[in-house]
Amino acid sequence: YSLLGNLIAFSSSFGTATYIVLAKNLRTSMDLFVFMFWIMTLASFFLLGFMLLSRETLLLSADPNYGLWGWLNPRMDRLALELFMAIVCNMVGSMGYVAVLKYFDSVV
C-alpha cells in the first residue's frame with residue numbers, strides 16, 4: 001500500500017502544479033466565470049469517470065445517496081453542508097485563488 005500511496009501523492013502534486021500553471025496562463029486571457037465553469041465541468045466528468053471505473057453504485061435518479069441527481073434533493077440535514085461547500089470552498093477558496101492569479105505570481 002505504501003507504493004500506491006506514494007504514486008497517488010506524486011500524481012496529485014503533479015496535477016496541482018499543472019493546474020496552477022495552466023490557471024495562471026489562461027486566467028490573463030479568460031474571464032473568471034468562464035474559466036471556473038470549464039474547470040467545474042471538467043472536474044464533474046473526471047469524477048463521473050472515476051466513479052464508473054471504481055464501480056461505485058450510481059443511479060440515474062434523484063436518490064440522495066446513490067443518484068446522479070441526488071444533490072437536487074432538498075434535505076435539510078445536508079443543506080448547510082452544500083451551502084458551505086458551494087460558498088466557502090468553491091467561491092472563496094478556488095475562485096478567489098484563481099482570481100488573484102491574474103495579478104500575482106503563482107507559487108509554482
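Tutor: Gladly! Keep in mind that this is a predicted model. On one side of helix H2, Phe-33, Trp-38, Phe-45 and Leu-52 are exposed.

Student: And what makes the buried residues of H2 a group on one side?

Tutor: The buried residues are Leu-32, Phe-35 and Met-36. They cover an arc of only 90° around the axis, so they lie on the same side of H2. In an α-helix there are 3.6 residues a turn, so residues three or four places apart point the same way.

Student: What do the buried residues of H2 pack against?

Tutor: Their partners are helix H1 (2-27) and helix H3 (76-100).

Student: How do you know that the length of H2 agrees with its number of residues?

Tutor: H2 has 22 residues, 32-53, and at 1.5 Å a residue they should span 32 Å. The end C-alpha atoms are 31 Å apart, which agrees.

Student: Why is Arg-55 called exposed?

Tutor: Its relative accessible area is 75%, and exposed means over 50%, so Arg-55 is called exposed. Arg-55 sits in the loop between H2 and H3, and its phi is positive, about 60°, although it is not a glycine.

Student: Why is Leu-79 called partly exposed?

Tutor: Leu-79, in helix H3, has a relative accessible area of 39%. Buried is under 20% and exposed is over 50%, so Leu-79 falls in between and is partly exposed.

Note on methods:
Residues are numbered from 1 along each chain as its sequence is written. This is a predicted model: local features need pLDDT of at least 70, side-chain atom pairs count only at pLDDT 80 or more; totals for chains, interfaces and linings use all residues. Side-chain values use heavy atoms; hydrogens and water are left out. Helices (H or I, at least four residues) and strands (E, at least two) are DSSP runs, numbered from the N terminus. The expected span of a helix is 1.5 Å times one less than its number of residues. Buried means under 20% relative accessible area, exposed over 50%, partly exposed in between (1.4 Å probe, protein chains only). The arc is that of the directions from the helix axis to the C-beta atoms. Contact means heavy atoms within 4.5 Å.
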